[in-house]
Amino acid sequence: MPGGDARSVEGSRPGSRDERGPFAVVSPNTAIAEADRVDAVVFDVGRVLYQWDLAHLLRKVEPDEAQLAKVLSSVITEDWHFQHDRGRPLAGMVAERIAEYPEFEAHLQAYATRFNETIPAPMPGSIELVEQLHRAGVPLFAITNFGAEFWAGFRPTASVFDLFRQIVVSGEELVAKPDPAIFVLAADRFGFPPGRMLFVDDNDDNIAAAHRLGWQVHRFRDAASLADDFSARGLI
């Protein structure tokens with residue numbers, strides 16, 4: 001969590017982007033100009049709405065901490081996993097990796113078949129904020145880097161997404177954040193101008209990419225700071 005005033009929030013509005021950039025700190029007491037009005041909120045999923053940690057699953061498979069560290073740093077890495085987020089089929093990825101690391105076949109099979117165990121729980125307070133926005137009548141959308149096969153297994157477990165009008169899933173679209181193309185696709189599909197949508201994400205590169213395309217943005221740190229931003233913008 002960043003230092004400074006606990007009530008400050010990290011966010012940016014198009015009218016201020018040239019002066020402050022996408023990570024400017026905006027006071028909750030700041031008046032919101034009509035040009036900066038937010039008509040819809042667009043969430044990331046992993047590490048914004050839900051916790052995500054490969055180690056949460058793999059620790060169940062590999063109790064030895066030294067071996068677990070090797071798996072996470074060299075075998076089942078986030079960079080390797082990102083191939084599936086971008087649309088590469090899971091079967092080919094896993095088979096190729098098993099051929100390269102046969103001693104970790106059990107770990108790779110667990111990754112392929114038990115992925116929901118890498119998502120232990122919602123992020124504290126985030127689901128409640130989604131529900132508040134829904135009650136306030138704010139249109140809700142999401143853009144998530146999520147493999148299509150893993151999304152098909154996870155989505156039925158998360159009823160909060162019933163409140164969302166549309167969700168753009170990278171693995172289904174074969175394009176992932178921070179590629180500008182996914183933001184262009186999402187804006188067209190959601191039906192709101194980028195400058196009227198607030199994009200919430202925990203990744204600096206994703207935030208910067210959206211901001212360059214004219215989206216209003218909030219760099220997620222925790223639900224309390226996000227709630228302050230929503231309040232400042234008159235959303236809740």
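**First stop: salt bridges**

Arginine 155 has a relative accessible area of 22% and is therefore partly exposed (buried means under 20% relative accessible area, exposed over 50%, and partly exposed in between, with a 1.4 Å probe and protein chains only). The model is predicted: local features need pLDDT of at least 70, side-chain atom pairs count only at pLDDT 80 or more, and totals for chains, interfaces and linings use all residues. Residues are numbered from 1 along each chain as its sequence is written, and side-chain values use heavy atoms, with hydrogens and water left out.

Aspartate 162 counts as exposed, at 54% relative accessibility.

Within it, the side chains of arginine 37 and aspartate 39 meet at 2.7 Å, N to O. Arginine 37 is partly exposed at 31% relative accessibility, and aspartate 39 is partly exposed with a relative accessible area of 22%.

Glutamate 65 is partly exposed at 46%, and arginine 59 is partly exposed at 42%. In total, the structure holds 14 salt bridges.

Select residues 140-144, which make up strand 4 (helices, H or I with at least four residues, and strands, E with at least two, are DSSP runs numbered from the N terminus). Are the residues of this strand buried or exposed? Five of its five residues are buried. In a regular strand the side chains alternate between the two faces of the sheet. In strand 4, Leu140, Ala142 and Thr144 lie on one side, and Phe141 and Ile143 lie on the other.

Show strand 3 as well: strand 3 and strand 4 pair in the parallel sense over three bridges (two strands pair if DSSP finds at least two bridges between them). Valine 41 stands opposite leucine 140 in strand 4. The chain crosses from strand 4 through helix 8 to strand 5 in a right-handed β-α-β crossover; with the strands pointing away from the viewer, the path from the first strand over the helix to the second runs clockwise.

Tyrosine 50 is located in the loop between strand 3 (40-43) and helix 2 (54-61). It counts as buried because its relative accessibility is 11%. Not counting residues up to four places away in sequence, tyrosine 50 touches residues including Val45, Ile119, Met123, Phe154 and Phe161 (contact means heavy atoms within 4.5 Å). Tyrosine 50 and isoleucine 119 are 69 residues apart in sequence, and their C-alpha atoms are 6.7 Å apart in space.

**Last stop: helix 4**

Finally, select helix 4, residues 78-85, whose buried residues are Trp80, His81, Gln83, His84 and Asp85. Among the elements that cover them are helix 3 (65-75), helix 5 (90-100) and helix 6 (105-113). Glycine 87 follows helix 4 and has a positive phi, near 115°.

Definitions and conventions:
Salt bridge = Lys/Arg side-chain N within 4 Å of Asp/Glu carboxyl O.
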